[in-house]
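This report looks at a few local features of one protein chain. Please keep the sequence and the 3D view open while reading.

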Amino acid sequence: YALAKDPSLSAQELMNLNKFALNADLDAKFVFFKASRELIKKRLNSRGASDEIEKRGVEYLIRVQEIMSIILRDFEALQIDASDDVARIHDKIKEFL
């Protein structure tokens, strides 16, 4: 949300805002779904109505992914290819958790 309000914020500033909003109560593990430009476009087009974040477009969503990738370097995180088969995704997450 903070990135939507101020696109110039750094990954560290965004992390600090999230820590503040969550009273620094962050989970131990994170699962991050990463999607290609093509997959994002496909999913946005298939949905019809978009929320305020999605209306910002593919490039904005790619930027959000990039920032999340940077932030999650400091955590135990599993990155999942969002285009993978559901069963494969399930197995990866189950093994990770």
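## Ser69 and its neighbours

In this predicted model, Ser69 touches Phe32, Lys34 and Gln79, leaving aside residues up to four places away in sequence. Ser69 itself is part of helix α4.

Is Ser69 buried or exposed? Its relative accessible area is 18%. Because buried means under 20% relative accessible area, Ser69 counts as buried.

## How α3 packs on α4

Helix α4, which spans residues 58-71, packs with helix α3, residues 37-47. The angle between them is about 125 degrees, and their axes are 10 Å apart. That angle makes α3 oblique to α4. The crossing of α3 past α4 is right-handed.

Which residues make the contact? From α3 come Arg37, Ile40, Lys41 and Leu44, while α4 supplies Val58, Glu59, Leu61, Ile62 and Gln65. Sorted by type, the residues of this contact of α3 with α4 comprise 5 nonpolar, 1 polar and 3 charged.

## Asp84 in a loop

Asp84 is found in the loop between β2 (76-81) and α5 (86-96). Its relative accessible area is 18%, and since the limit for buried is under 20%, Asp84 is buried.

Not counting residues up to four places away in sequence, Asp84 touches Ile89 and Lys92. With Lys92 there is also a polar contact, made between the side chain of Asp84 and the side chain of Lys92 at 2.9 Å.

Definitions and conventions. Residues numbered from 1 in each chain as written. Predicted model: local features only at pLDDT ≥ 70, side-chain atom pairs only at ≥ 80, totals over all residues. Heavy atoms only, no water. Helix = DSSP H or I, 4+ residues; strand = E, 2+ residues; numbered from the N terminus. Buried < 20%, exposed > 50% of the residue type's maximum accessible area, 1.4 Å probe, protein only. Polar contact = N/O pair within 3.5 Å; in protein donor to acceptor, adjacent residues only side chain to side chain. Contact = heavy atoms within 4.5 Å. Axes fitted to C-alpha atoms, helices over the stretch in contact; angles between N-to-C directions. Parallel < 35°, antiparallel > 145°, perpendicular 65-115°, else oblique. Left-handed = near helix turned anticlockwise from the far one by under 90°. Nonpolar A, V, L, I, M, F, W, Y, C, P; charged D, E, K, R; others polar.
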